[in-house]
Every structure is written in C-alpha cells, then in structure tokens.
Amino acid sequence: MTVQTEQETGKNEEWEPKIIAFLCNWCSYAGADLAGVSRIQYPPNIRIVRVPCSGRVNPYFIIKSLTDGWDGVVISGCHPGDCHYISGNLVARRRFAILNELLEFFGIEPDRVNFMWASAAEGERFAVLIRKATEKVKALGPNKKFEKKW
Amino acid sequence: MGIETENQETENNMRDLARNLLSEKQVDVIIGYTTGTVPLSSSPIMITKEEDVDKLTWNNLCYVNLAKYLVPKIPQLVDPEGGNLKIGIVSKGCVGRALIHLAVEKQINLDNIKIIGIPCNGIINRKKIEKEIGEREILEVSASGNDIVVKGKDFEEKFPFDDYINELCKVCKVKSPPTKAALSEACIGECQEVTSVEDDFADISDFESKTAEEKWDYIKNLLEPCTRCYACREACPMCYCSLCFVDQNKPIWFGKTTDLSDIIIFHLIRAMHLAGRCVACGACSSVCPMGIDLNIITRKLEKIVKERYDFTSGIDNETLPPMMAFNMEDSEEFMLEED
Amino acid sequence: MTEAKKEAEKLKKEIIVTGNEKPNVGVYVCHCGVNIAGVISVEDLIEYSKTLPDVTVARDYKFFCADTGQNIIKEDIQAGLVNRVVVAACSPRMHEPTFRLVLKEAGLNQFLFEQANIREHSTWVHMREPEGAYEIAKDHVRMAVAKARELKPLEVKKVSIEPTCLIIGGGISGMNAALDLANGGFKVYLVERTPTIGGHMAQLDKTFPTMDCSACILTPRMVDVARNENIELLTYSEVVEVTGYVGNFEATILKKPHYVDQVKCNGCGICVDYCPVTCGNEFDLGLASRKAIYVPFPQAVPGQFTIDMDKCIKCGICAREDVCEPEAINFEDEPEYLKVKIGTIIIATGWDLYDPTELGQYGFGRYPNVITGLQMERILSSTGPLVGKPARPSDLKDPHSIAFLQCVGSRNFRDGGNQYCSRVCCMYATKQARQYKEKHPEADVYIFYMDIRAFGKGYEEFYESAARNYGINYIRGRIAEVSEDEDKNIVIRAEDTLLQEPIELKVNMFVLSCGLEPRADAGDIASLVRIQRSSDGFFMEAHPKLRPVDTLTAGIFVAGVAQGPKDIPDAVAQAKGAASSAAALMGKGEIELEPFFGSVDMARCIGCGMCVENCAYGAIELIEDRHFGTVASINNALCKGCGACSGNCRCAAIDVIGFTGEQIFEIITKRC
C-alpha cells in the first residue's frame, strides 16, 4: 500500500505539507485558541490534536505519524516551570531530546519533527513558531522515506 | 601473557569461586558458560552441584549476557519452599552492568545475587570470522599468543585478536563488574571500582559527521537483511516486556513485516527504549543470524545519555537512569525558538 | 406524579451505552453566524461528514450552542439516531461543558462527546485562505469522528471542597475578599508578607475623585479584618508551597520571625526611642527613616513591633527591663511553618511601581528634585515624613512650580518596555496637582501628557475642574530631557504638540507619574500555584471578558492589580467578584471532576517503576499482584490524568482514559 497524501493524487497544485500538531490542553492549545481569537493568520498546514499534557505524547505517536504519511509533526507544551501538571513537560523534554538525536542519527530528516513551548498567553508566538515549522517541513519536500513497497 | 593463558587463569579462579559458593551453600544455583555445541559458539549452563563445576568454562566466545536469565521477575520463578533463589552468576563487565541496571529497574534483588566477577578480555566477532572463512567448514576455534586460531579440515588461519573482537569490546571501559560500596557485598572475584566512565566516543565520530542522506543510506544497508527473527530482542537482558511493542495488537502501532520501513522503525524504537538502559554487551550483534552489527547504535545511545545527562548505565544502583528523572536545567537546544 | 414514577421516567430516559456497540456518530457543523460559514462552505462539510464511516447523521445550524441548536442534537439522541456526538464549531475550551450537558439532559453519557475546533483553529486563522481553512475543517472533523468512535462512557468523579480560602496579599483587594468570605461563614487565611496589611493604599494620601482620605477609608477595614473571627491573619508570612487540587489544596506557610513576641508586645513604642540603629523607611520610599525595631506606619495592623534583623546590631538595649516592660523582645525567635488545608485560593498580591532609573534622560536618582508619583504621595500626606507640608527634597523649601510627566514606564513600545496603559496615572497626577494647588494656589503646576484617560465615575468632571478651576496647565507633549541648575531646579525641554512649539521650562520639582508593574516575584507566585501570566506579566484571567476573576486553574482566583492595573473601585469590585466565585465553589460542598485518569493494564506491566518516578503527584506505586507479580497501581484520588507516565511506558501498559492510545492511533491514522 503506497501512502499518498491527498494533495498528491490528481491535483497538480504546489505541494503543501500536512503537519500533525499535538498541543497540550492548558498552554499550547489555549495559545492556539488565542491566536484564533486575535485573528493572527498563519499558513493552513497544521492539524491539531488535543492532549492533556506534552508528557502524554508517546514517541509512538510521533513515529506513527511519520510512517503514516504525515509530512511533519509538531509537539507543543507549556514552558518548563509552568506545566499545569508540574513536571509533565520536563519528563517529555528528555524523551524528545533522545528521540530527536536518534532520528538525526538514523538520517531521518530531524526537521520534520519540531518541539516547542508556547503558553496560553502567547498567541503571536504560537503562530510565529508554526510558520517556522511549516517552512522547515516544506523545505524538505513530501515525506517519502516510509513508503511501503508492497 | 597470551590470550590462552589469561583465559585459563580466569577460568580456574572462576571455578574455585563457584565451588566455594556451592559448598558453603551461599547459592542454590550458578549460571555460567559452557562449551558450545558447534565451533564459534558457547552455551549457558546452570549448575547446582559441586561436581558439575568443571563444566563451567571461560573463553572469548562467551557472548551471551547471562543477566537475561534473571528477567522478567515472574512470581513463579521462586524456590518451591517460598523463598527466593540465591543465584551465583559468572559476570564479565557488561553482565555486571546489566545486573546492576536490572536492580534499579526492580527486576532483581541484589541481596540474592552473588556476582562472580571475571576480567573479560573481549568477545570474538563471530560474523567477521565467518565472513573471512567463507564457505569452508570451521572445526575448531582457539586462542594462542595474541591470535585467534581457526582450524578446518584443510586449513588453519590466524587472526589478530585485537582486530577480530566485537567493535564494542574494542572500546569497552568496564571489563569486569563495577562495584561501589553499596555493591561490595554482591561482588566476589574480580570486580573494579568505577565512579564514572569517561569516553570521547571517537569511534562513532566518523559516522556522526556524515550528512543525513549518507546516514540514511548507511542505516538502510545495515538493517536491510533483518528478517524480524527478534534474536536480538531475546538475547538482550533489557528487553523483558511481557508484551513487546511490535507484538501489540490493540492498536497495531508498527508493522511486523520485513518491508524496509517496518524494519527501520523496529530498530529505531527499540533503540529509543534502550536509551539509558543498554549496557553495550554486544549480545544482540553476536546472536544475529544475518550478521547485523548494531554497535554504532549502541554507542550512540551511550553517547546521548553521557553527554546530556552524565549517565552511564549499570554503574551505580543508586542513581536513577535518565528516563526516570528530569531536571529544570535539561538541555533543550533542539527546541524550536523564535528568531 | 409520584416520586417512584419520576425516578422511573428518569431511568427510562437514560440511554444505556457500554462502549462496545456499533458507534452511530452524529456530526453537527455550526455556522457560528458568519465566523465559520463566512469562510468555508458548511454544506460541503456536511456532505463530506456523511462519507465518513459510522456517521449516521450530519446536520448544520447557525448556532448549536443556542437552545434551538441544542434541541436538534437532543432530538437525534432521543430518537436513537446517534450514540456519539461530534460538534464542529468553536474551541472545546469554550463550549465543551455546554454540549456535554446537552448529552446528559438527553440521557446519553456526557463523555461520548468530541468537539472539532474549526473556528479558532481554522476559519479565524486562515481567513484569506478558504481552501486551506476548508481542508483543515475536513481533517478536524475526520479526526474528531475517529476519536468519537473509540470513546467510552465514563462517570464523573466527585470530590468534596474544604470550606476554607487562602488569600495571598493583604492589600485593599485581599482584605475586601477576606471580609466578604468571612462574613459569608467561610474560614479565611489572609497571608501578607510585610508586617502589616493595607498594601499600597496605606501609602496614599487622598483618593480620586472624591478626595477621600485614604487612611480614613482603609483603617476601619484593616481593623475589621483583624477583629473578624473567621479570618486568621498571618502577617510577615509567605506561602512557600501549595500542593493538591481544587477543593483539596494543602498550603505551607512560613511565618517569619519578628524577634518580638506578638502576644506580649503592647505597641507602646518605647523601644523605638532607645534603638540606636537608623535606616531607610520602605513605607516612605527613602524619604524618611525608621529604627531597626519598627512598625511600618502608625496605624499598622497588627500594631505589634518587628525587628529588622538585617539592620539590627543586637545591642540588647530594647530587651532591657526598663525599656520593654512586657519583656517582649526575643532574639531566639525561629521561623515557623504552618500547613493548612484549603479549598480555594485568591491571589491579590498587588503591584510594584515602575522604577524610572533606567530612563536616564529624566534624571531620577541623579537629581534630588526628581521624584516618583508614589514619593509625591508621601510628601503630600499628612502622616508622611513632612506631615502634610509638602516641600522639595533638596532644600525642603516649598516648590513654587511643579511639573508632572505622564506615561513613565507605560505605553512604551520599545524593546522590553511596558506596552500597556497603567490606567491610574492620569487621575493620580491630576489629584496630586490639585492637592498641591489647594495648599499653594499661587504655584505653577504643569502636567505633560500624551492622552488624559479619565474613564471612571466622576473622573472626567474631576479633570475638567482641575484644569478650569484650579488652573493646572495641561501640556500635550513628551519631555525630551531634563537638566539641573545650580539651585537644583529642574530645567525641562519638551514640545507642546498642540501649539507645535518647543518649550523650555524651569520648575522647582519634577514628578514622574510612574506606571504600575507586576510584582518582581510574580513569576514565583505563578509557579507556586501553577497559574499563567499574560504577556504583560500580570496574572492571566481565564477569559478576558467573561471570566475576569478566574484563572485557568480550577479553584484559584485573582483580584486587584495583580491581574492588571486598575483603580481602587475596580480593585474592590474584582475582590468582591473573586470572593463571590470562591464562595460559589465552596458553598456547593462538592465539585465534579473529569474522570480522565491513568489506568494500568497489569498483564503488560513489568513493574520497572519508571512511571512511579515520572509522576509529579506521587499517584503511582508498585504493588504485588498475585497473578501478575509486581505491577504499577494508580491512586485515582491523586491522579490528574496528565499522562507523563504513559508517554514513557515501553510496554504500553499504562494509558490515560479520555486520551487513550487507541483513540490517538485512530486520530493519526484514519486518513480518509
């Protein structure tokens, strides 16, 4: 089964990356809401999944997204020290550090997976970082590394 | 002193210690190595009687990590009378490290273990030798002087010892089980004081300097032969989950096929799970039927936790491994930031 | 109808759902007026939703949150058409509780609901890219339907609420909130870190626009607080730790040592005369001095003395029997820690004045006759260092001319500057100018401003009168820089923008109307109780319009300038609002929490203990199960459902209900 993104079949438009974003409910999801309330515009490339805390994000989610055809993954949580659940983001940070190093080591483009902190008051920052992540993923082209042969 | 002489001395000392432990009833069973069923191999053995002590051997083909036999902690593996089995275990450095790390992960109780420390001088790289010999049948493998001697029906070849041991053994810094005050009770025989392990990881700096595409190609070529037999997982003392992530069904996170994408993901995630836990014993590479050498991945795992969290697994049973701890000051240079 | 029949009716209404039957998902796409429908085609989205597997019903409506919209959903549920509901509309942080209630009233388990955010995360942020917004809307609906299929019915968790409130900060806001709650029958701990309550309001002389004497309206309140049986007043104390959750917090309060026995001390003040150490007085902002043994000001509550150990030389004179008759001095005093159980918390920590030293062009800190607005307040005050006869610092002569500069440290869009307006400075400068003119009608008083903000009740009239009747000169223009002449007068260079002319002016005294800033340690308080701060540094309210006193953390409220600059009437109103919100919560006696806990699959768990170390709440421990050996076990009373345990688990043995691995798997993978 060849994994293809919707844009690739038929349409001859410029390719747009599809990025899945895991946002923590208390900070980053609220920050994204604030960007919406403030009508801050950013490119329409992300699809948002609500999780209670960035600590909930298991590397399985990230790898599965990459193997399942998503072009990029964003994980966003509260700033260290401000986690609603005290230290969930600190637990997650170590996990992400190791995953990032391994992705890089395996030659899997590390720019596809982006980790960030954005608080509930930072609508503008959220949009800026999403724009940055989108540009990084766009520069890499469609995610073809995990296409199955059969 | 040649390799053979070293091994002989180690073997004799080890047998003496084993004999003492059994005669003084300090242990119920001793886990060690014995001669393999085919050349270039060894077998594990568990003995309970003094007269079987001479079956215990030590040579450079003892590649299995014996700590594997103590995990997972299953209630049924206890003495029928209800107490816990007292176990003596022949330990080269990496086996000792594995035992200590498993104690941290609450799988074994070091009070019930006697670590028979031996000074390991390296494990022969079986696949490398096999590749050199090719189709010819190997009948005997031994050590002599500073060489490995491989004999067949019509041939005898010598290989320099230092070049033909496992890549991980070449850079090993913990050749006998590490001991600190807390562990001195458990360790007998040859053990070494280790407070911290310094390493410059120069052996993988070459790989690290490759571009992303080069790395991907290298890894692809390295892992492509994998047949998903899971011998590596079965040999690894740290892989003791009752349900491995690849065997999980609800949901099926990752595929079990030998399609390249599935293979890469299996090894990537297995590596992720071993971060801060792998003791660099090389058993996984030694048992792989396809000859895949996972040494660079092992070294990278050690490097990550050493450089970021100043941690080496299996040195100290009082320090929490990096995935069980966190710090406000942890490095986050990889995070996305505004300009 | 009899009681029994009513019960039977209720049971009949409840739809039994096990979670294992075939899901019939209803998708309800809201127009949200034109917020959604104005950017994307709702009809197309409905057609798309119908193509998704297991979707039995797809409807649209202008406002699903309205009664008529809610009834559409209720009817479908009661007709048996749907047993899972997806509403594609605004953010779930807005209306998830609303729609969950709809399900509950229709008889369906309220947790079989998922909301797809197609407004804040789609149409509002991609207004000029309707195709992109539509793609996002489609995907968000698809992902919500994927999760909805995997939702299981859950029961809410009920916890009791301790009817006690902790108020941090004993200024006008903290005190008002304390009094309201205490009079309502709740126990209150009022913690203040200085030796007295009263806050900044005690430093003010008169208050605008009525020119009430600040102390006259404040001190009765202070006495009320001290006398109220339900308020435990803890001054010279700080909260050092807060654990727990709404209704069940535990706070650790540090009571700093006074070195003076607070019971024995009768406030006679003889020790002050004998103390040999003189040092700066914080209350008078460096314009006056005090001794090492002191009360911050004469009307302080409590009135007992404190020794400032940083300045005390331990000469022991105050401890002599002939000095302190009640023998109250105690150099062996130790800090004391108090642990209390509380249900709600109100943060009323107030503000710091902006320090204008960094604005070198205005000479604060270099020229003695350049002072801040708060220092002017002390100079004017009848209980201040000059006892109501205002004079200038350099020579203590009455100034014949005074200039005020507005917007110092506020409305500053340079890097690192405070961008907000501090709200009160226009009014307090006008008030101070008027006060001075009342004492010295012949003096020349100038106020340099950008805009005059006189927004409150009676404020515009007050300002008009100041300009018209009192002859205060309002000059519209910013001051470029000031310098000093030999007599320490201040020479001002500015521009009068209305006359479009540069001005040079010499005045005897120059007052900087500094703005209000969050406390220097506001970040520590935020981390202590785990609330957020807005980008300006003040504590963040849950919703700027509809929830101005709540924070995003349940059970914690904020009042006064701690939430943002405001005047006294607004601070008191907010304090009353916070007290009322806290009372509403505590009055109910119990609260319902979402039952999103961790759950352990014991067959998969190998008891490695990683989750135990990762849990911030200590909610996990290893137990011996007779079938599965050593496995993890979660205490639901402590678990908050964050999932830090689950993110690391190699064996996928621990999961979070409400955000299960399977649900997220479906969200990631169902791509058509």
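This is a predicted model: local features need pLDDT of at least 70, side-chain atom pairs count only at pLDDT 80 or more; totals for chains, interfaces and linings use all residues.

Biologist: Which elements of chain C give two or more residues to the side that touches chain A?
Modeller: Helices H4 (92–106), H5 (119–123), H6 (130–149) and H16 (644–648) do, along with strand S34 (654–656) and helix H17. H6(C) gives the most, with 9 residues.

Biologist: And what classes of residue are on that side of chain C?
Modeller: There are 21 nonpolar, 21 polar and 15 charged residues on the side of chain C that touches chain A.

Biologist: How many salt bridges are there between chain C and chain A?
Modeller: The count is 5. One of them joins C:Glu96 to A:Arg50, with the closest N and O atoms 2.8 Å apart.

Biologist: What area do chain C and chain A bury between them?
Modeller: About 4,600 Å², with 55% of it on carbon and sulfur atoms. The contact uses 57 residues from chain C and 53 residues from chain A.

Biologist: Now chain B. What area does chain C bury with chain B?
Modeller: About 2,000 Å² between them, 58% of it on carbon and sulfur atoms. Each chain puts in 22 residues.

Biologist: How many salt bridges do you count there?
Modeller: Between chain C and chain B, 2 salt bridges. C:Arg650 forms one with B:Glu105, where the closest N and O atoms are 3.7 Å apart.

Biologist: Which elements of chain C supply at least two residues to the side that touches chain B?
Modeller: Helix H15 (610–614), strand S32 (620–625), strand S33 (629–634) and helix H17 (661–669). By class, that side of chain C has 9 nonpolar, 8 polar and 5 charged residues.

Biologist: H17 again! Is H17(C) mostly covered or mostly open?
Modeller: Mostly covered: 8 of its 9 residues are buried. Among them are C:Ile664, C:Phe665 and C:Ile667.

Biologist: What covers those buried residues?
Modeller: The cover includes strands S1 (19–24) and S2 (46–51) and helix H2 (59–67) of chain A. H6 and S34 of chain C are part of it too.

Biologist: You mentioned C:Phe665. What aromatic cluster is C:Phe665 in?
Modeller: One that also holds A:Phe22, A:Tyr60, A:Phe61, B:Tyr230, B:Phe245, B:Trp253, B:Phe254 and B:Phe266.

Biologist: How many aromatic pairs are there over all chains?
Modeller: The count comes to 31. Take C:Tyr420 and C:Phe538: their ring centres are 5.4 Å apart and their planes at 70°, so the pair is edge-to-face.

Biologist: Where do C:Tyr420 and C:Phe538 lie?
Modeller: C:Tyr420 is in the loop between strand S21 (401–408) and helix H11 (425–439) of chain C. C:Phe538 is in the loop between helix H13 (522–529) and strand S29 (556–558) of chain C, so the pair ties together parts that are 118 residues apart in sequence. Both residues are buried.

Biologist: New topic. Is C:Gly198 buried or exposed?
Modeller: Buried, with a relative accessible area of 1%. C:Gly198 sits in the loop between strand S7 (187–191) and strand S8 (206–207) of chain C.

Biologist: What is C:Gly198 in contact with, leaving aside neighbours within four places in sequence?
Modeller: C:Gly170, C:Gly171, C:Ile172, C:Met175, C:Leu218 and C:Met222.

Notes
Residues are numbered from 1 along each chain as its sequence is written. Chains are lettered from A and ligands numbered from 1 in the order in which they are written. Side-chain values use heavy atoms; hydrogens and water are left out. Contact means heavy atoms within 4.5 Å. Buried area is the accessible area (1.4 Å probe) that two parts lose on being put together, summed over both. A salt bridge is a side-chain nitrogen of Lys or Arg within 4 Å of a carboxyl oxygen of Asp or Glu. Helices (H or I, at least four residues) and strands (E, at least two) are DSSP runs, numbered from the N terminus. Ala, Val, Leu, Ile, Met, Phe, Trp, Tyr, Cys and Pro count as nonpolar, Asp, Glu, Lys and Arg as charged, and the others, Gly among them, as polar. Rings of Phe, Tyr and Trp (its six-membered ring) pair if their centres lie within 6.5 Å; planes under 30 degrees apart count as stacked, over 60 as edge-to-face and the rest as tilted. Buried means under 20% relative accessible area, exposed over 50%, partly exposed in between (1.4 Å probe, protein chains only).
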